[in-house]
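Me: I have a structure to study and would like to go through it step by step. Could you help me read it?

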Amino acid sequence: MTVFADKTVIMDAQAIRRAIIRVAHEIIEKNKGVQDVVLVGVRTRGVPLAERLAAEIEGIEGIQVPVGILDITLYRDDLSTLGHQPIVHETQIAVDINGKKIILVDDVLYTGRTARAALDAIVDIGRPEVIQLAVLVDRGHRELPIRADYVGKNVPTSRKEIVSVQLAAVDKAEQVVIKEIVE
């Protein structure tokens with residue numbers, strides 16, 4: 001049994017809010033507005049982050065950006081380690097993604113394997129003009145040649161640490177914590 005010890009709160013609710021506001025501005029700037037932009041949250045914590053980004057963008061631009069929900073369970077390369085019957089949720093993207101600017105939104109970028117699975121899932125749905133990646137935390141340790149286009153916070157970590165994003169919509173808390181694995 002793996003035991004975790006809280007180590008450090010690296011982002012509180014205000015820091016998360018500021019990071020989302022900054023990333024929303026960067027998305028608008030890089031895409032020269034939000035025409036044809038679709039935010040797609042990777043289940044679970046990427047979804048409320050995508051919804052928050054959409055709300056910030058609407059506040060800035062006055063335009064409602066579509067938000068989709070992407071389940072990558074069947075695209076994971078570690079599917080056999082998830083259990084005999086992994087729980088698969090529905091992908092919900094209500095707009096045609098062909099020719100659109102898709103921004104995948106996730107909580108933590110680590111090895112790059114989740115982002116790769118999300119890319120595979122999106123390409124199976126349609127052919128976007130471009131796919132960009134937005135993450136709240138980039139902790140390093142990439143195993144694949146993947147990088148985020150938008151990062152809320154870069155946090156150097158060791159492989160003996162876990163970055164835990166806690167969002168009120170899912171966890172009833174609002175913070176990012178580094179937990180150390182205690183052997």
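This is a predicted model: local features need pLDDT of at least 70, side-chain atom pairs count only at pLDDT 80 or more; totals for chains, interfaces and linings use all residues.

Me: How much space lies in the largest pocket?

Reply: Its lining is made of 32 residues, and those closest to the centre are R76, D106, D107, V108 and T114. By class, the lining has 15 nonpolar, seven polar and 10 charged residues. The space in this pocket comes to about 870 Å³.

Me: Now the sheet: in which order do its strands lie?

Reply: Strands of a sheet pair through backbone hydrogen bonds, either parallel or antiparallel. Here five strands form an open sheet, and the pairing is parallel. At the edges are β3 (67-70) and β6 (150-154), each pairing on one side only. The order is β3-β2-β4-β5-β6.

Me: Which residue in β4 is the bridge partner of V37?

Reply: Look at strand β2 (residues 37-42) beside strand β4 (residues 101-109). These two pair in the parallel sense over five bridges. In β4, the partner of V37 is K101.

Me: What angle does helix α2 make with β2?

Reply: First find helix α1 (residues 13-30), which packs on the sheet and touches β2, β4, β5 (130-138) and β6. Helix α2 (residues 46-61) lies across β2, β3, β4 and β5. Relative to β2, helix α2 runs at about 155°.

Note on methods. Residues are numbered from 1 along each chain as its sequence is written. Side-chain values use heavy atoms; hydrogens and water are left out. Two strands pair if DSSP finds at least two bridges between them. Helices (H or I, at least four residues) and strands (E, at least two) are DSSP runs, numbered from the N terminus. Contact means heavy atoms within 4.5 Å. Axes are lines fitted to C-alpha atoms, for helices over the stretch in contact, and angles run from 0 to 180 degrees between N-to-C directions. On a 1 Å grid over the protein atoms alone, a cavity is a set of points where a 1.4 Å probe fits but cannot get out, and a pocket is an open set with protein on both sides within 12 Å along at least five of seven lines; lining residues have an atom within 4 Å of a point. Grid points are joined across faces, edges and corners, and a volume is the space filled by probe spheres set on the points. Ala, Val, Leu, Ile, Met, Phe, Trp, Tyr, Cys and Pro count as nonpolar, Asp, Glu, Lys and Arg as charged, and the others, Gly among them, as polar.
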